[in-house]
Amino acid sequence: MKPINLILSKPLEKLALGASRFWGNPDLPKDVKYPMYIDSEGDEYPYFFVCQINLEDIAPYDTDNLLPHSGLLSFFAKIDYYMGYCDDFYVGVTEGVSDTDAVKVMYFPTCDDMEEVVLLDDNDEPSSPCELQIEFSHTREPLSEEHSLLALPTHRPWETWDSPYEDWQILLQVDSFSGDDFDLNFIDFGVLDILISPTDLKNRVYDRARAIVLST
């Protein structure tokens, strides 16, 4: 299994509907609502949109056919604390394997009949950082950011994940990094790993994914 590296850059123009993108706004089928969660006080909040992958883009790199090669795979997570938008470290993903409520991975078999969903802040401005385009590669430059699909557990300080997740695989890894309008820091410039069981990966079931933050 070769990791598929995500190489991010500023787009020259707005990305097309259904295109692979990091940050920005997700594209969702018109009958699908933006994913929300309920906090401990019963208040409703949106998950933070991380990225969406147009699966046709990764087909040449997914030589083991571990992922679908059509449609859209979209990632949302409770990472507001690491973006500096929340003061409570314990709301969302922490340094132990999370429950399934900490992340939301959504698979759409087709990109037809979708629309961009924009969340606005209190000033009626988009609440997400500006979108970044994604290119894919089996290689990356030394010391570059380690964003990747099907990543190897190189940041894990122990031999396996804690029980009962010993054989779970990294579906998506997101590295700490900064841009003009955001600063993402996973504790000490660590990584976010979204994990999936081998059975769910094989059966293309993504709604039981979990996550963990690994600090350097």
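Figure 1. Buried means under 20% relative accessible area, exposed over 50% and partly exposed in between, with a 1.4 Å probe and protein chains only. The model is predicted: local features need pLDDT of at least 70, side-chain atom pairs pLDDT 80 or more, while totals for chains, interfaces and linings use all residues. Residue numbers start from 1 along each chain as its sequence is written, and side-chain values use heavy atoms, without hydrogens or water. Strands are DSSP runs of E, at least two residues long, numbered from the N terminus. Four of the five residues of strand 16 are buried, so the rest of the structure largely encloses this strand. Strand 15 is its antiparallel partner, over five bridges. Within that pairing, Val 191 has Leu 214 of strand 16 as its bridge partner.

Figure 2. Pairing requires at least two DSSP bridges between two strands.

**Figure 3. Strand pairs within the sheet.** Strand 10 (residues 132-137) meets strand 1 (residues 4-9) over five antiparallel bridges. Leu 8 stands opposite Ile 134 of strand 10. Strand 2 (residues 21-22) also pairs with strand 10 in the antiparallel sense, over two bridges. Here Arg 21 stands opposite Gln 133 of strand 10. Elsewhere in the sheet, six antiparallel bridges join strand 12 (residues 169-175) to strand 15 (residues 191-196). Val 174 has Leu 192 of strand 15 as its bridge partner.

Figure 4. Phe 22, Trp 23, Phe 48, Tyr 85, Phe 177 and Phe 182 form one aromatic cluster. The whole structure holds 15 aromatic pairs. Rings of Phe, Tyr and Trp (its six-membered ring) pair with centres within 6.5 Å; planes under 30 degrees apart are stacked, over 60 edge-to-face, the rest tilted. The Phe 22 and Phe 177 rings have centres 5.8 Å apart and planes at 80°, so this pair is edge-to-face. Phe 22 sits in strand 2 and Phe 177 in strand 13, 155 residues apart, so the pair links distant parts of the chain. Both Phe 22 and Phe 177 are buried. For Trp 23 and Phe 48, the ring centres are 5.5 Å apart and the planes at 85°, so that pair is edge-to-face. It links distant parts of the chain: Trp 23 lies in the loop between strand 2 and strand 3 (27-29), and Phe 48 in strand 6, 25 residues apart. Trp 23 is buried, with 0% relative accessible area. Phe 48 counts as buried at 6%.

**Figure 5. The largest pocket.** This pocket has a volume of about 510 Å³. A pocket is an open set of points on a 1 Å grid over the protein atoms alone, with protein on both sides within 12 Å along at least five of seven lines; lining residues have an atom within 4 Å of a point. Points join across faces, edges and corners, and volume is the space filled by probe spheres set on them. The lining comprises 25 residues. Tyr 37, Tyr 45, Pro 46, Asp 80 and Cys 86 lie nearest the centre. Strand 4 (36-38), strand 5 (44-46) and strand 6 (48-54) each supply at least two lining residues. By class, the lining has 15 nonpolar, four polar and six charged residues. Nonpolar covers Ala, Val, Leu, Ile, Met, Phe, Trp, Tyr, Cys and Pro; charged covers Asp, Glu, Lys and Arg; the others, Gly among them, are polar.

**Figure 6. The second largest pocket.** Its volume is about 170 Å³. The lining includes Leu 8, Lys 10, Glu 145 and Phe 182. Strand 13 (residues 177-179) gives the most to this lining, with three residues. Five lining residues are nonpolar, two polar and five charged.

**Figure 7. The largest cavity.** A cavity is a set of grid points where a 1.4 Å probe fits but cannot get out. This one has a volume of about 30 Å³. Its lining residues are Met 1, Lys 2, Ile 4, Tyr 61, Asp 62, Thr 63, Asp 64, Leu 66 and Leu 150. They divide into five nonpolar, one polar and three charged.
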